[in-house]
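Me: I would like to learn how to read the packing features of a model such as this one, taking each idea in general terms before its particular case. Could we go through them step by step?

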Amino acid sequence: MSKRKDHLKALFGGSGEGNAPSPAPEPKSMPRAPETKSAPTPVKADPVPRSSSGAVKAMGLTLSSMTREVEDARAIRESLAKGERIVEVDPELIDPSLVRDRLSREDDGDEDFNALVESVRENGQQVPVLLRPHPTESGRFQVAYGHRRVRAAARLKRPVQAIVRTLNDDELVLAQGKENTERRNLSFIERAFFADALMRHGFDRGVVQRALSLHKAEMTRLLQVAEAVPAHIAAAIGPAPKAGRPRWMALAEFLKREAAVVIAQDEITSVAFRAAESDERFRRLYERLAKRAAARGKKADRTRSIEDGKGRALARVTLGAKPRFDFDEKARPGFADYLAERLPELAERFEKERAKET
């Protein structure tokens, strides 16, 4: 048995025997007979051997996974203390939550999913998911949290270890958001679209802020990004966990221009983009749009507006090797023709004045 499994068993076991709560009566809607989980005896972990430098990354991922599972284990112990128990549910009877909170899917943008499947195959499902009876379909269930564990069990054709609790919609999203906040495994863009989806679903803003543990300003930033980044572009990029808030906000600014959206559409359909991992996809699109924005900025620096004495625009001049004047014919009809007729006269005056200066 792996050390991680022993560690989690020790957490469930508490500090002594007899701590496991008495099982609650079996819910009538359960498709399978519940299996009561007894509290095992704490197991002392063996000393952890020193890792070679080649295994540092793998060890870090393992420790991160264990940390999340330990946090979940504590929550499960609290549930067991309330008299709730773990039951087995056919994954075919489980539907997703009201609102999707992830941009990644099993084999696209969720590089850790296969590792989760192998962990469940080898050690079993260590941490139960939280379900509620489906509000409209008798005999079915809806996930509050634990979607990936449900998918892993479905792939392995195993029943899901679950705690079933009666929840209203607000309680469901609060539980879903709380788990994501404590586990800290939703990226910035996933939180943005999760918050936006909850708002569109009709949840009160205060409920959404509590679900994601957000203050008002951060909530506003998330919603602004979700509004500016087209959903299909965000889905194509995926969670991009390393991108962070500042760069997603900058990308959102780029995408406010229609031309940038066209460029983004071209990028996300490219072979190189599709072959890359999520963070690399973000980098490719971000750098392409950033270069365009920089070029536009330089062009803007070379362009200025010419106004009359009342502040009304006469023309826009673009400086450079080949200067250009742009006139708005609707604003001042005939002015461009008038100026064109007098260009020879203006050129002559220009030469005389320059000769005087020299």
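**Contacts and cores**

Me: Which residues is Leu-251 in contact with, leaving aside its neighbours within four places in sequence?

Reply: Contact here means heavy atoms within 4.5 Å, and on that criterion, once the neighbours within four places in sequence are set aside, Leu-251 is in contact with Ile-237, Phe-282, Leu-285, Tyr-286 and Leu-289. Please keep in mind that this is a predicted model, in which local features need pLDDT of at least 70 and side-chain atom pairs count only at pLDDT 80 or more, whereas totals for chains, interfaces and linings use all residues. Residues are numbered from 1 along each chain as its sequence is written, and side-chain values use heavy atoms, with hydrogens and water left out.

Me: How many residues does the largest nonpolar core have, and which elements give two or more residues to it?

Reply: A nonpolar core is a set of buried Ala, Val, Leu, Ile, Met, Phe, Trp, Tyr and Cys residues joined through side-chain atoms within 4.5 Å, where buried means under 20% relative accessible area, exposed over 50% and partly exposed in between (1.4 Å probe, protein chains only). The largest such core has 41 residues, and those with the most contacts inside it are Ile-237, Trp-248, Leu-251, Leu-255 and Phe-282. The elements giving it two or more residues are α6 (188–200), α7 (205–212), α8 (216–228), α9 (231–237), α10 (244–254), α11 (258–268) and α13 (278–301), these labels being DSSP runs numbered from the N terminus, helices of H or I with at least four residues and strands of E with at least two. The largest share of this core, 7 residues, comes from α6. Another core, of 12 residues, lies apart from it and includes Ile-94, Val-129, Leu-131 and Ala-162.

**Individual helices**

Me: What span does α6 reach, and which of its residues are buried?

Reply: The expected span of a helix is 1.5 Å times one less than its number of residues. With 13 residues, α6 reaches 18 Å from its first C-alpha to its last, close to the 18 Å expected. An α-helix has 3.6 residues a turn, so residues three or four places apart point the same way. In α6 the buried residues are Phe-188, Ile-189, Glu-190, Ala-192, Phe-193, Phe-194, Ala-195, Asp-196 and Leu-198. After α6 comes Gly-202, whose phi is positive, near 100°.

Me: Which elements do the buried residues of α8 pack against?

Reply: They pack against α6, α7 and α10. The buried residues of α8 are Glu-218, Met-219, Leu-222, Leu-223, Val-225, Ala-226 and Ala-228, and this helix of 13 residues reaches 19 Å from first to last C-alpha, close to the 18 Å expected.

**A helix pair**

Me: At what angle do the axes of α3 and α4 cross, and which residues meet there?

Reply: Two packed helices are described by the angle between their axes and the distance between the axes. Axes are lines fitted to C-alpha atoms, for helices over the stretch in contact, and angles run from 0 to 180 degrees between N-to-C directions. For α3 (residues 113–123) and α4 (residues 147–155), the axes come within 9 Å and cross at roughly 65°. Phe-113, Asn-114, Leu-116, Val-117 and Val-120 in α3 meet Arg-148, Arg-149, Arg-151, Ala-152 and Arg-155 in α4. The residues of this contact divide into 5 nonpolar, 1 polar and 4 charged, with Ala, Val, Leu, Ile, Met, Phe, Trp, Tyr, Cys and Pro counted as nonpolar, Asp, Glu, Lys and Arg as charged, and the others, Gly among them, as polar.

Me: Where does Lys-157 lie, and is it buried or exposed?

Reply: Lys-157 lies in the loop between α4 and β5 (160–164), and at 75% relative accessibility it counts as exposed. Although it is not a glycine, Lys-157 has a positive phi of about 55°.

Me: Which residues does Gln-125 touch, not counting those up to four places away in sequence?

Reply: Gln-125 touches Val-120, Pro-159, Val-160 and Gln-161. Gln-125 lies in the loop between α3 and β3 (129–133) and is buried, with a relative accessible area of 16%. The C-alpha atoms of Gln-161 and Val-89, 72 residues apart along the chain, are separated by 6.6 Å.
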